[in-house]
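Please walk through this structure with me, one region at a time. Keep the sequence and the 3D view side by side.

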Amino acid sequence: YGGTGNEKVVDIQVLANEKYLIINTSNSKDLDVGQSMGRKDAWLFMINDEGNMIWQTSFGGEMDDDLQCSLIDHEGNIVMGGTTFSQGGLSQEQKGNGDIWMVKIDPNGNLLWSKTFGGSRAEGINDIRMTQDKQYIVCGLTKSRTTDGDVELNQGYFDGWLLKISQ
């Protein structure tokens with residue numbers, strides 16, 4: 001699967017009816033990759049148990065955007081977390097030198113929402129989990145300073161950063 005550029009599988013989710021969502025980062029603009037938003041995008045595709053592609057889509061902006069983790073929520077939607085360096089496309093609120101980027105899609109690949117979190121410096125995500133109250137807890141890191149954008153406190157160079165995100 002892929003195009004003439006580089007693809008990197010970052011996560012796989014098992015869905016209903018023996019279908020699989022493959023979550024990638026891609027800089028291709030051809031072959032299996034139907035569209036490109038910028039230099040590097042999140043590229044998602046669903047396959048059946050025989051490996052046939054059912055659908056594919058890309059998300060991102062004009063610069064580098066990638067995903068690192070995902071989960072299936074209580075409604076069967078897919079929530080993914082990554083990093084964006086784009087100012088346009090789905091990442092219109094990018095605040096600095098790389099922000100945490102959250103994307104939620106339905107099982108058919110339709111975008112439900114896209115959100116960014118960060119300050120004027122670098123942020124990144126390590127993992128995401130669903131909470132008992134059906135929100136999301138994000139574990140990542142920040143280099144932004146205290147009261148800079150979404151960052152409330154930074155005590156050093158890179159600090160761990162926990163965020164609770166509602167739907």
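**Cysteines, strands and a buried charge**

A search of the whole structure turns up zero disulfides. Keep in mind that this is a predicted model.

Start with the cysteines. A disulfide needs the two sulfur atoms within 2.5 Å. Seen from the other end, the closest cysteine sulfur to Cys 139 is in Cys 69, again 8.3 Å away. Their surroundings can be read from accessibility. Cys 69 counts as buried because its relative accessibility is 6%, and buried means under 20%. Cys 139 has 30% relative accessibility, so it counts as partly exposed.

β5 and β6 form a hairpin, with five residues between them. Look at the turn: Gly 76 sits there with a positive phi of about 85°.

Now move to strand β2, residues 19-26, and find Ile 23 in it. Ile 23 has 1% relative accessibility, so it counts as buried. Which residues is it in contact with, leaving aside its neighbours within four places in sequence? They are Lys 8, Val 9, Val 10, Asp 11, Trp 43, Leu 44, Leu 67, Ser 70 and Met 80. Take Met 80 from that list. Ile 23 and Met 80 are 57 residues apart in sequence. In space, their C-alpha atoms are 8.9 Å apart.

Finish at strand β9, residues 123-130, where Glu 123 lies. Glu 123 is buried, yet it has no salt bridge. Where is the nearest side chain of opposite charge? It belongs to Arg 121, and it is 8.2 Å away. A salt bridge needs a side-chain nitrogen of Lys or Arg within 4 Å of a carboxyl oxygen, so a gap of 8.2 Å rules one out here. What does the side chain of Glu 123 make a polar contact with? The partner is the side chain of Ser 144, at 2.6 Å.

Technical notes
Residues numbered from 1 in each chain as written. Predicted model: local features only at pLDDT ≥ 70, side-chain atom pairs only at ≥ 80, totals over all residues. Heavy atoms only, no water. Helix = DSSP H or I, 4+ residues; strand = E, 2+ residues; numbered from the N terminus. Buried < 20%, exposed > 50% of the residue type's maximum accessible area, 1.4 Å probe, protein only. Lys, Arg positive; Asp, Glu negative; His and termini not counted. Polar contact = N/O pair within 3.5 Å; in protein donor to acceptor, adjacent residues only side chain to side chain. Pairing = 2+ DSSP bridges. Contact = heavy atoms within 4.5 Å.
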